[in-house]
Amino acid sequence: MSQTSFDIQQAAVIGAGTMGRGIVMCLANAGVTVQWVDTNPQMLEQALATVAETYAHNVRQGRIDQAEADARLSRVSAAADYAAIRNADLVIEAVYENLELKQKIFRELDGLLKPQALLASNTSALDIDAIAAATKRPEQVLGLHFFSPAHIMKLLEIVRGAQTSPAALDAALVLGKRMGKVSVVSGNCHGFIGNRMLHPYVLEARKMLLEGAYPQQVDAALQGFGFAMGPFRMYDVVGIDLEWRARELAGQGQDAPEVQVDNRLCEMGRFGQKSGNGYYHYEPGSRQAEHDPEVDALVLRVSEGLGFQRREIGPEEILERCLLALVNEGAKILQEGIAESAHDIDLVYLNGYGFPADKGGPMAWADQQGLADIHQRLLALETRQGDQWKPARLMGELAAQGKGFADR
């Protein structure tokens, strides 16, 4: 196709869940007309009411005036089905994380939409190329990974598939700017930049619970370093049950020792803030995380049941393991060309994951420590704890040259 540029004036969003609602507001706030589709008409009706209420709340808070609220709301309309959105310049799919479902939606849309329409998925981890393969226009398919709540969080990961055209990527960057987002382009891999790095970081936190730490201790160490919240408070906010349900659906991962504490909590109906109890306790109507001795007792039971000899774990070890897991994965992402620069990785962590702003992001923090020092610390962890700590090849190369990630 000789199409050189895409002009996004009219968009459509598929899915009226939490993410869909936030994305619709991002578009409407940026002056884009949005058609909204959901297979459940009641859910769509509720979602439209929620958006109207959010705008009314913004007026009450003095953030926008009534005229602006009316203008934004007038850009949003319900559409009965896919046929009704055939003139959209861009369609963003925001249904739950299931590859077959997303492929089915993209296959249907591809047959209906005008040839120059762009198709985007708001997946947080799934393979963009596998989704694009369901269409005859893979060069016009990309990932637009919004962060929840989408109308408030600044970060947007724009995921380029193997065949995504430069023009499609440019159009997404222009739209990101219009929506006031900090946009970072990521290559296609499981979890992209942010969630791929989050995985080893959270894994270390969970392992330390089994080895001798408690949720509050881990969170306190990381919050002391400057994180907006530690990993267990983060899970309470997001919902502990999301990954638990995903493991159930996938039929794998439920037996791993690291997730046994989560599994027990979910079986007890402790899903986090939304249910009043998670890793912490929440009083009705409060978001204040309160230490719950019952959770400490549960952690103790689970780890002893798995045969762990518990030991004292101090804040230094918590920081060392969580931060170095983050940096080493970041180095691999850079090495593989998934991120274009260390600065891009830092932007993701500063704007989407609550990394302390004064430290500049995980890669900038590693550069300040000196990569030779970080490299040695990883080698020491590898000796003590095994292969998962093997330093990324790129880190060894940069350290040997006396360079940092920023020099790459």
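What follows is a set of questions and answers on a predicted model.

Q: What makes Phe225 and Phe355 an edge-to-face pair?
A: Rings pair if their centres lie within 6.5 Å, and planes over 60 degrees apart count as edge-to-face. The rings of Phe225 and Phe355 are 5.8 Å apart, centre to centre, with 75° between the planes, and form an edge-to-face pair. By this rule the count comes to nine aromatic pairs.

Q: Which parts of the chain does the pair of Phe225 and Phe355 link?
A: Phe225 belongs to helix α8 (residues 215-225), while Phe355 is in the loop between α14 (342-352) and α15 (362-369). The two residues are 130 residues apart, and the pair links distant parts of the chain.

Q: Why are Phe225 and Phe355 called buried?
A: Buried means under 20% relative accessible area. Phe225 has a relative accessible area of 10%, so Phe225 is buried. Phe355 has 3%, so Phe355 is buried too.

Q: Why is the pair of Phe227 and Phe355 called edge-to-face?
A: The ring centres of Phe227 and Phe355 are 5.1 Å apart and the planes stand at 75°, so this pair is edge-to-face. Phe227 lies in the loop between α8 and α9 (231-238) and Phe355 in the loop between α14 and α15, so the pair ties together parts that are 128 residues apart in sequence. Phe227 has 5% relative accessibility, so Phe227 counts as buried.

Q: Which residues do ring pairs link into a cluster?
A: The cluster consists of Tyr201, Phe225, Phe227, Phe355 and Trp365.

Q: Why is α13 called roughly perpendicular to α15?
A: Two packed helices are described by the angle and the distance between their axes. Here the axes of α13 (residues 315-335) and α15 come within 9 Å and cross at roughly 105°. Angles of 65 to 115 degrees count as roughly perpendicular, so α13 is roughly perpendicular to α15.

Q: Which residues make the contact between α13 and α15, and how many of them are nonpolar?
A: From α13 come Leu323, Leu324, Leu326, Val327, Gly330 and Ala331, and from α15 come Pro362, Met363, Trp365 and Ala366. By class, the contact has nine nonpolar, one polar and no charged residues.

Q: What do the buried residues of α9 pack against?
A: They pack against α7 (194-211), α8 and α10 (241-250). Pro231, Phe232, Met234, Tyr235 and Asp236 are buried in α9. Just after α9, Gly239 takes a positive phi of about 110°.

Q: Is Ser165 buried or exposed?
A: Ser165 has a relative accessible area of 16%, so Ser165 is buried. Ser165 lies in the loop between β7 (155-160) and α6 (166-178). Leaving aside neighbours within four places in sequence, Ser165 is in contact with Phe6 and Glu139.

Definitions and conventions:
Residues are numbered from 1 along each chain as its sequence is written. This is a predicted model: local features need pLDDT of at least 70, side-chain atom pairs count only at pLDDT 80 or more; totals for chains, interfaces and linings use all residues. Side-chain values use heavy atoms; hydrogens and water are left out. Rings of Phe, Tyr and Trp (its six-membered ring) pair if their centres lie within 6.5 Å; planes under 30 degrees apart count as stacked, over 60 as edge-to-face and the rest as tilted. Helices (H or I, at least four residues) and strands (E, at least two) are DSSP runs, numbered from the N terminus. Buried means under 20% relative accessible area, exposed over 50%, partly exposed in between (1.4 Å probe, protein chains only). Axes are lines fitted to C-alpha atoms, for helices over the stretch in contact, and angles run from 0 to 180 degrees between N-to-C directions. Angles under 35 degrees count as roughly parallel, over 145 as roughly antiparallel, 65 to 115 as roughly perpendicular and the rest as oblique. Contact means heavy atoms within 4.5 Å. Ala, Val, Leu, Ile, Met, Phe, Trp, Tyr, Cys and Pro count as nonpolar, Asp, Glu, Lys and Arg as charged, and the others, Gly among them, as polar.
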